[in-house]
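Work through the exercises below with the sequence and the 3D structure in view. Try each task before reading its solution.

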Amino acid sequence: KHMGTIFSPDRQHIEEVTARSIYISNGIKKIYRILRAPSISLHRKIILIQAYLLAGGFFQCSTWGELPYRSYKRIHHAVMGINRVITSTTFSICNQNNDLFSDEEVIYKYSLLTPMTFLRQSRLLLLGRVAQKQPAVIMPLLGTLIGLATNSWVSALANDFLWLKAGSVVD
């Protein structure tokens with residue numbers, strides 16, 4: 001099966017996000033018993049899931065621009081399904097008191113990466129590789145596109161930097 005980026009003329013990546021969400025959900029069924037094994041530590045399960053997501057579910061997502069809300073929710077739901085399996089925080093019963101945890105609570109409690117953080121990290125790492133190689137054709141193009149192209153990879157990068165700045169990581 002082709003695992004490259006599917007060209008999307010409208011830059012919304014709906015088909016690719018749908019395919020990746022299905023890949024994540026279906027692939028997890030193959031390793032479900034491993035993820036539910038009590039003998040494997042949560043830390044090791046998190047490492048396994050992050051490797052699985054980076055190698056398949058988020059493969060080449062560094063080229064995606066901003067995702068529409070519906071597309072992002074689809075990928076978020078698929079990733080959180082895996083996170084809930086490894087943390088045993090399903091929607092049926094989360095603890096002895098039958099409390100339900102929101103996605104944000106699960107992410108915070110277990111120090112997990114959000115799907116949006118995976119996307120942002122991938123885009124920023126790709127920018128670093130481009131900046132290191134400094135291709136003669138692409139560098140001037142990137143400078144020209146800043147502020148002009150909406151819903152593009154460059155505008156997504158601009159938002160990623162704003163996100164970093166809001167978190168006091170970058171001034």
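**Exercise 1. Which residues is Arg120 in contact with, leaving aside its neighbours within four places in sequence, and is Arg120 buried or exposed?**

Solution. 
Step 1. This is a predicted model. Find Arg120, which is in helix H6; that helix covers residues 115-133.
Step 2. Leave aside the neighbours within four places in sequence; Arg120 is then in contact with Asn159, Asp160 and Trp163.
Step 3. Take the relative accessibility of Arg120, which is 13%. Buried means under 20%, so Arg120 counts as buried.

**Exercise 2. At what angle do H6 and helix H8 pack, and which residues meet?**

Solution. 
Step 1. Locate helix H8 at residues 153-166.
Step 2. The angle between H6 and H8 is about 110°, and their axes are 10 Å apart.
Step 3. Angles of 65 to 115 degrees count as roughly perpendicular, so H6 and H8 are roughly perpendicular to each other.
Step 4. The crossing in which H6 passes H8 is left-handed.
Step 5. On the H6 side the residues are Thr117, Arg120, Arg123, Leu124, Leu126 and Leu127. On the H8 side they are Trp153, Ala156, Leu157, Asn159, Asp160, Phe161, Trp163 and Leu164.
Step 6. Sorted by class, the contact of H6 with H8 has nine nonpolar, two polar and three charged residues.

**Exercise 3. Where is Thr117 placed, and which side chain does its own side chain join in a polar contact?**

Solution. 
Step 1. Thr117 is in helix H6, and it is one of the H6 residues that meet H8.
Step 2. The relative accessibility of Thr117 is 18%. With the cut-off for buried at under 20%, Thr117 therefore counts as buried.
Step 3. The side chains of Thr117 and Thr114 are joined by a polar contact of 2.7 Å.

**Exercise 4. How do H6 and helix H7 pack, and what classes of residue make the contact?**

Solution. 
Step 1. Helix H7 covers residues 138-145.
Step 2. H6 and H7 pack at an angle of about 130°, with their axes 10 Å apart.
Step 3. H6 contributes Leu127, Val130 and Ala131, and H7 contributes Ile138, Met139 and Leu142.
Step 4. The contact of H6 with H7 has six nonpolar residues, no polar ones and no charged ones.

**Exercise 5. Describe how H1 and H3 cross.**

Solution. 
Step 1. Helix H1 is residues 14-30 and helix H3 is residues 42-57.
Step 2. Their axes come within 10 Å and cross at roughly 140°.
Step 3. Roughly antiparallel would need an angle over 145 degrees, so H1 is oblique to H3.
Step 4. The crossing of H1 past H3 is right-handed.
Step 5. Arg20, Tyr23, Ile24, Gly27 and Ile28 of H1 make the contact with Ile49, Tyr52, Leu53, Gly56 and Gly57 of H3.
Step 6. By class, this contact of H1 with H3 has six nonpolar, three polar and one charged residues.

**Exercise 6. What separates the C-alpha atoms of Ser25 and Ile82?**

Solution. 
Step 1. Ser25 is in helix H1. Ser25 has a relative accessibility of 33%, so it counts as partly exposed.
Step 2. Along the chain, Ser25 and Ile82 are 57 residues apart, while their C-alpha atoms are separated by 7.7 Å.
Step 3. For the chain, take the contacts between residues at least 6 apart in sequence; 69% of them join residues at least 24 apart.

**Exercise 7. What phi do Gln60 and Ser111 have, and where do they lie?**

Solution. 
Step 1. Most residues other than glycine have a negative phi.
Step 2. Gln60 is not a glycine, yet its phi is positive, about 60°. Gln60 is in the loop between H3 and helix H4 (69-87), and at a relative accessible area of 33% it is partly exposed.
Step 3. Ser111 is not a glycine either, and has a positive phi of about 55°. Ser111 lies in the loop between helix H5 (103-109) and H6. Exposed means over 50%, so Ser111, with 63%, is exposed.

**Exercise 8. How many helices and strands does the chain have?**

Solution. 
Step 1. The chain has eight helices and zero strands.
Step 2. Of its 171 residues, 38% count as buried.

Methods. Residues are numbered from 1 along each chain as its sequence is written. This is a predicted model: local features need pLDDT of at least 70, side-chain atom pairs count only at pLDDT 80 or more; totals for chains, interfaces and linings use all residues. Side-chain values use heavy atoms; hydrogens and water are left out. Axes are lines fitted to C-alpha atoms, for helices over the stretch in contact, and angles run from 0 to 180 degrees between N-to-C directions. Helices (H or I, at least four residues) and strands (E, at least two) are DSSP runs, numbered from the N terminus. Contact means heavy atoms within 4.5 Å. Ala, Val, Leu, Ile, Met, Phe, Trp, Tyr, Cys and Pro count as nonpolar, Asp, Glu, Lys and Arg as charged, and the others, Gly among them, as polar. Angles under 35 degrees count as roughly parallel, over 145 as roughly antiparallel, 65 to 115 as roughly perpendicular and the rest as oblique. A crossing is left-handed if the near helix is turned anticlockwise from the far one by less than a right angle, and right-handed if clockwise. Buried means under 20% relative accessible area, exposed over 50%, partly exposed in between (1.4 Å probe, protein chains only). A polar contact is a pair of N or O atoms within 3.5 Å; within protein, one must be able to donate a hydrogen and the other to accept it, and residues adjacent in sequence count only if both atoms are side-chain atoms.
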